[in-house]
Amino acid sequence: MRIPLAQPSITDLERSYVKEALDNVAISGTAEHVARFEKALAQRLKMPHAIAVANGTVALEAVLRALNIGIGDEVIVPALTFVSPAAMVKAVGAEPVFADITPENWTISGYEIERVRTRRTKAVIAVDIFGHPANYDWLSESQLPVIEDAAEAHGALYKGKPCGSFGIAATFSFHANKVITTGEGGAVLTRDKALAERIRLLKNHAMRPERPYHHEDYGHNWRLSNLPAAIGLGQVERWNELVEGRKIVQRAYDLFLPEEVMRQPVSRWATPSCWMTVVAHPKRDQIVAGLRAKGIDARAIWTALVDLPIYADGVRHETSSYPHSRWVSRYAFLLPTWHAMPLEYVEEICDEIGKLI
Ligand SMILES: *Cc1c(COP(=O)(O)O)cnc(C)c1O
């Protein structure tokens, strides 16, 4: 592809931290930069605990396992999201039950949560979709424990407070196409000290440093290695620059895109960040095919999870036909977006879209 979907921004700052780690031959998941990365993240989010893990998917698994969610339990997940929340609920033996999104901003609908919850419901995973925060006041009305999946929302604010600080725990991804990246990586943020300690324990084979090879539970290896953590340290220091860079690109799209292309709706109380520019149009499939033929890596967004046969057990058709998740899934698409993406690319992509319409 001539114009990729995303491209990480790595500067001499990240390079200097990686060099430092290499020069110290400090490359494991228990080395110094991991702790420095965690501290920088916690400070940035004004949270007492940040735990670095191998990726954003296992960050969700870590929270679910630490909360002892498992066989016989249900966790409510939005019907429209990248697959990780649903897959990790399955991974711990519980059942992901789907709630539709709201057309107001494409995040999980509080109304739909009430319709699908049962006595078995143990938690809700709210996704800050494409960088738009979920409605956390509304979610707290449900009285259910909320896990915030902020994988797409570094730098976003809900009523002035940062995404990554809501619910009993929040998770980030630092995959190469995310706003802040370590290549592959993730983190859990929480105010709950006991939960943080339990995740730290499970992350390292349920083994305490003072008692090697004694395992007090069934643990895992969820550790992030020191080299990506060193990259992450530089990225967190560049947080505002990286968040603002994508917003500039998104604003340029907004300016150049034909008017009939629909933008993701934004709620008045939200200050979204931009993970990807996501738009919708009835001719989505022709537009995406046309752009791809020109070497532009535009992509149709995810299939609604309620339309994947493997997740059929969590579909509640007696209460919902998931119209909004299905509509967005059918018509929305991602446009190439990254920090310092040349605005000539944006103009070119918008011109092509104009011609394809
Ligand atoms: C990217 C993403 C994840 C998964 O992150 P990985 O680091 O790729 O495992 C989870 N949830 C959402 C909503 C995402 O967009």
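The radius of gyration here is taken over C-alpha atoms, and the globule rule is 2.2 Å times the number of residues to the power 0.38. I started with that value. For 357 residues a compact globule would come near 21 Å, and the protein chain has 20 Å, which agrees.

Notes on the source. I am working from a predicted model: local features need pLDDT of at least 70, side-chain atom pairs count only at pLDDT 80 or more, and totals for chains, interfaces and linings use all residues. Residues are numbered from 1 along each chain as its sequence is written, and side-chain values use heavy atoms, with hydrogens and water left out.

Overall build. I found 12 helices and 14 strands in the protein chain; these are DSSP runs, helices being H or I with at least four residues and strands E with at least two, numbered from the N terminus. The C-alpha trace spans about 65 × 55 × 35 Å along its principal axes.

I looked up the buried share: 57% of the 357 residues. Buried means under 20% relative accessible area (1.4 Å probe, protein chains only). I then took contacts, meaning heavy atoms within 4.5 Å. Of those between residues at least 6 apart in sequence, 68% join residues at least 24 apart.

Cores. A nonpolar core is a set of buried Ala, Val, Leu, Ile, Met, Phe, Trp, Tyr and Cys residues joined through side-chain atoms within 4.5 Å. The largest has 48 residues, and Phe37, Leu41, Phe130, Trp239 and Ile301 touch the most other members. Helix α2 (residues 32-45) gives the most to this core, with 6 residues. A second, separate core has 37 residues, including Ala86, Met88, Ile147 and Val188.

Phe130. I listed its contacts, leaving aside neighbours within four places in sequence. Among them are Trp106, Glu152, Cys274, Trp275, Ile301 and Leu334.

Helix α4. I checked residues 84-91. Ser84, Pro85, Ala86, Met88 and Val89 are buried in this helix. Their cover includes α3 (56-66), β2 (74-78), β3 (95-99), β4 (121-127) and β5. Gly93 follows α4 and has a positive phi, near 95°.

Ser142. I found Ser142 in the loop between α6 (136-141) and β5 (146-149). Ser142 counts as buried because its relative accessibility is 5%. Not counting residues up to four places away in sequence, Ser142 touches Ile113, Glu114 and Arg117.

Conventions. Buried means under 20% relative accessible area, exposed over 50%, partly exposed in between (1.4 Å probe, protein chains only).
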